[in-house]
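Grab a pencil and open your viewer: here are a few exercises with worked solutions. Try each task before you read on.

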Amino acid sequence: MKNFLFAAAENDAIPHCKAGGMGDVVRDVPRQIAERKDKTHVVVPSYGRLHQNGTFKTHLNFSLRGVDYTAELYEVDGKKKIDLIHHYVIHHPEIEAGGIAHIYHDDPEEPFFTDFIKYTIFCTAVAEAIKQGAFGDLDVVHLHDWHSSLLLYLREYHPGYKTLKEIQFVYSIHNLAIQGIRPFMGNYASLQNWYPELPIDYQKLMDYRYQDCINLMAVGIRLADTVHTVSPSYKQDVMLPSSRPEFIGGEGLEEDLKAADVEGRLFGILNGCNYKNINVEAKGEIYRNTVKALFRWLQDEDKKYKADFLAHTGEKIMQFVGNRPKFIVSSVARLTEQKFYFFKRSPEAFVEILKKLERVQGIFMLLGTGAPEYEDLFRGISYENKNFIFTNGQSESLIDSMYLESDLYFMPSLFEPCGISQMLAMRNGNPCLVHHTGGLIDTVEHMKTGFAFDGKTYDEKIENMLKVFDEVLDVFEKDKPTWKKIQTAAKRKRFTWKKSVNKYYEQLYKL
């Protein structure tokens, strides 16, 4: 039996520990490993809350900033009890919950200031737990994004954690654009302040653009035994330089990624999707679930400033309870540049889509929270357009209803390492309209399993997005056999974790 450790910032196998797709991966891959009769331990930060009903396992003592630190390791229950999977959280008072999904901080003045501190404590505590044997004798440690890459720094440079070199370390890139860049020195949230006793290997650690800074995404790429992008097409994208906004590629790390590829360390393996034991909402509940979510949010203290808008949305949705629109377009995502740049830069294009929907008595339903400027944009458009339902919050039952009851799922991502939403929509026979980039190229085929747009320039992309949207409506209205064929083909596609994890074992884990 092989023994794995997953270290990450998110884990959707435990309650209230997900902000994005990374949480899905960290939930699903251990389940597939368990099916192969191997054991997995999954550890995430407690964020001051996740340890509260856990079972205390051990104290973890280590030095940071020249000061003695003690963190606590707790084992916690998963949403489902699965043999061979154990879930843990690391608690320390300085590992605080942020404002984004009660996980991440957003420090506009000094990006990554608070998150650097909490993930430094987390990674050092995990290194100590590995050294103490808290997870048994490990064969593989699988790290996810920059939040856990400091484990590789400790493995490489800290004399107390040299034993970590005996273990295979894998590094998965979920979002290359967020890199965890902090100063080497001269700042409280700097490398030298937290590890004053360790020398700084500038060449191996630095960000090429800001050479007085460590780039923690680069640390993962440079120091891991194997590096993984979450789709084959994204692997090709990231080895090319970015040319914003037309193309998002390596984001300054393309040379490191090309070097990893030449060394035989870089692999692109598509994420999977869960097709078993799915929670399914009853059909016809989409508007009721919207109203239920709105009433719950109206009672939340942090939603008070949105109360007028929530009431406006509730009033708008009521007209559809007994009078279903003929065509529902939906989108569920964090409101960020990655997901909705096209609509932020060209809001008139989004309004044009809403006008096109009027001719088929259609509506657009968007659910999400995120950057304030994106929330403001969509609230403003909602006030002005009767057929745009913007649900500014998070609700699992409503999300399930949207995937189940929509006619088209819209995913105009500026870039997409893999994407899970298109897979979830397709699982329900819901065709997707996507920007053909990254993992969306690997999952959606134009006029076969869905619809796709692209273009050489930004203007061409917007023009093609509107043109393809017209094509979608034409097929839906005038060519029902083709529409049914696309729906059926989308539903039949299978992006299984079994297939993906077989490749993990062969290419990433070398087992």
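**Exercise 1.** In which sense do β3 and strand β4 (residues 67-76) pair, and over how many bridges?

Before the solution, some ground rules. The model is predicted, so local features need pLDDT of at least 70 and side-chain atom pairs count only at pLDDT 80 or more, while totals for chains, interfaces and linings use all residues. Residues are numbered from 1 along each chain as its sequence is written, and side-chain values use heavy atoms, with hydrogens and water left out.

*Solution.* 
- Step 1: find the elements. Helices (H or I, at least four residues) and strands (E, at least two) are DSSP runs, numbered from the N terminus.
- Step 2: check the pairing, which calls for at least two DSSP bridges between two strands. β3 and β4 are antiparallel, with nine bridges; across from His59 sits Glu72 of β4.
- Step 3: zoom out. The open sheet has nine strands, ordered β3-β4-β5-β2-β1-β6-β7-β10-β11, with mixed pairing. β3 (55-64) and β11 (266-268) are its edge strands, each pairing on one side only.
- Step 4: Neighbouring strands are turned by 25° against each other on average, direction ignored.
- Step 5: look for a helix on the sheet. α19 touches β1 (3-7), β6 (140-144), β7 (168-173), β10 (226-229) and β11, contact being heavy atoms within 4.5 Å. The direction of α19 makes about 150° with that of β10.

**Exercise 2.** What is the strand order of the open sheet of six strands?

*Solution.* 
- Step 1: read across the sheet. The order is β14-β13-β12-β15-β16-β17, and the pairing is parallel.
- Step 2: From one strand to the next, the twist averages 20°.
- Step 3: pick one pair. β12 (residues 327-332) and β13 (residues 362-367) run parallel and are joined by six bridges, with Phe327 opposite Gly362 in β13.
- Step 4: place the helices. α14 (residues 396-405) packs on the sheet and touches β12, β13, β14 and β15 (408-411), at about 135° to the direction of β12. α10 (residues 307-318) lies across β13 and β14, at about 135° to β14.

**Exercise 3.** At what angle do helix α17 and helix α18 pack?

*Solution.* 
- Step 1: take the axes, which are lines fitted to C-alpha atoms (for helices over the stretch in contact), with angles from 0 to 180 degrees between N-to-C directions. α17 (residues 458-478) and α18 (residues 480-492) pack at about 110°, axes 6 Å apart.
- Step 2: classify. Angles under 35 degrees count as roughly parallel, over 145 as roughly antiparallel, 65 to 115 as roughly perpendicular and the rest as oblique. α17 and α18 are therefore roughly perpendicular.
- Step 3: list the contact. Val472, Val475, Phe476 and Lys478 of α17 meet Lys480, Thr482 and Trp483 of α18.
- Step 4: sort by class. Ala, Val, Leu, Ile, Met, Phe, Trp, Tyr, Cys and Pro count as nonpolar, Asp, Glu, Lys and Arg as charged, and the others, Gly among them, as polar. That contact has four nonpolar, one polar and two charged residues.

**Exercise 4.** Which residues make the contact of α11 with α17?

*Solution.* 
- Step 1: get the geometry. The axes of α11 (residues 337-345) and α17 come within 11 Å and cross at roughly 90°, so α11 is roughly perpendicular to α17.
- Step 2: name the partners. α11 brings Tyr341, Phe342, Phe343 and Arg345, and α17 brings Tyr458, Lys461, Ile462 and Met465.
- Step 3: count classes. Six are nonpolar, none polar and two charged.
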